[in-house]
Amino acid sequence: MKAAFAKLISTERRVAKNSEHPKVYKEQIQDMVNRGVARKLTKAELKNYRGPIHYISHHEVLKPDSKSTPVMIVFNSSAKYMGHVLNEYWTKGPDLLNNILAVLLRFREYEVAFIGDIKKMYHTVATNALDQHTHRFLWRDMEITREPDIYVIQRVSFGDKPSGAIATVALRKTAEMGKDQFPEASQVIINDTYMDDIIESVNNREKAKQIADDIEKLLNNGGLPQTTQINRRSNTNRI
């Protein structure tokens, strides 16, 4: 835990150099806790757990062009802890992404287009106790005079090597489970998504709204909320 603590101290020092960044950093950690992505371990859990343990560090990534989130938190699964690197124990998994050229060509096929973004896609996939305790991290709300608390990440972490494949499998499984109730929405999710983006086009605005609403319902059933935007294009943009 010494290495993780040392990295926490260095992160705190960098974040504290800007008066606004500590507040944003704290809010993001708290948001993870509120959404069930992370949780603080109790003293009883720390005492009684007997399985493998691994600590990952976290640090800031500056986004100066963003007013709402000038600092983004990144968890580093490639960091070394007691001679071990978490990402070295995994394979990346298969490439499950749709062909981007095919997705874009279909997107430009019809007059009315709609796009959707799956919110926090990676953080919607739950992990088991072993994965949680091998994703421990330290945090103390920027209160540098006290000992840090120990947290675990309870969802797939973006920094994990197989996170992309896992999230895509979860998305497609959700689509398959909802195909009887929402057949068109299911096909759009399976065929016309790229990472966490959904893009599709249809003949008219009413059809676009119906499919977009069905996609939202289907994804909500699987714990994958999303936002959708519908736009009408000129016929001259069709292929």
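Does Phe 75 count as buried or exposed, and at what relative accessibility?

Phe 75 counts as buried because its relative accessibility is 10%, where buried means under 20% relative accessible area, exposed over 50% and partly exposed in between, computed with a 1.4 Å probe on protein chains only. The model is predicted, so that local features need pLDDT of at least 70 and side-chain atom pairs count only at pLDDT 80 or more, whereas totals for chains, interfaces and linings use all residues. Residues are numbered from 1 along each chain as its sequence is written, and side-chain values use heavy atoms, with hydrogens and water left out.

**View 1. The ring pair of Phe 75 and Phe 137.** Rings of Phe, Tyr and Trp (for Trp, its six-membered ring) pair if their centres lie within 6.5 Å, and planes under 30 degrees apart count as stacked, over 60 as edge-to-face and the rest as tilted. By this rule the count comes to five aromatic pairs. In one of them, the ring centres of Phe 75 and Phe 137 are 5.0 Å apart and the planes stand at 70°, so the pair is edge-to-face. Helices (H or I, at least four residues) and strands (E, at least two) are DSSP runs, numbered from the N terminus. Phe 137 is buried, with a relative accessible area of 0%, and ring pairs link Phe 75, Phe 137 and Tyr 151 into a cluster.

**View 2. The ring pair of Tyr 122 and Phe 158.** Tyr 122 and Phe 158 form an edge-to-face aromatic pair, with 5.0 Å from centre to centre and 90° between the planes. Tyr 122 counts as buried because its relative accessibility is 13%, whereas Phe 158, with a relative accessible area of 59%, is exposed.

**View 3. Strand β10 and its partners β6 and β9.** Strand β10 (residues 197-202) is mostly covered, five of its six residues being buried. Two strands pair if DSSP finds at least two bridges between them. Strand β6 (residues 112-118) runs antiparallel to β10 and is joined to it by six bridges, with Asp 117 opposite Asp 197 in β10. Strand β9 (residues 193-194) is also antiparallel to β10, through two bridges, and here Tyr 194 stands opposite Asp 197. β9 and β10 form a hairpin with two residues between them, and Met 195 in the turn has a positive phi of about 60°.
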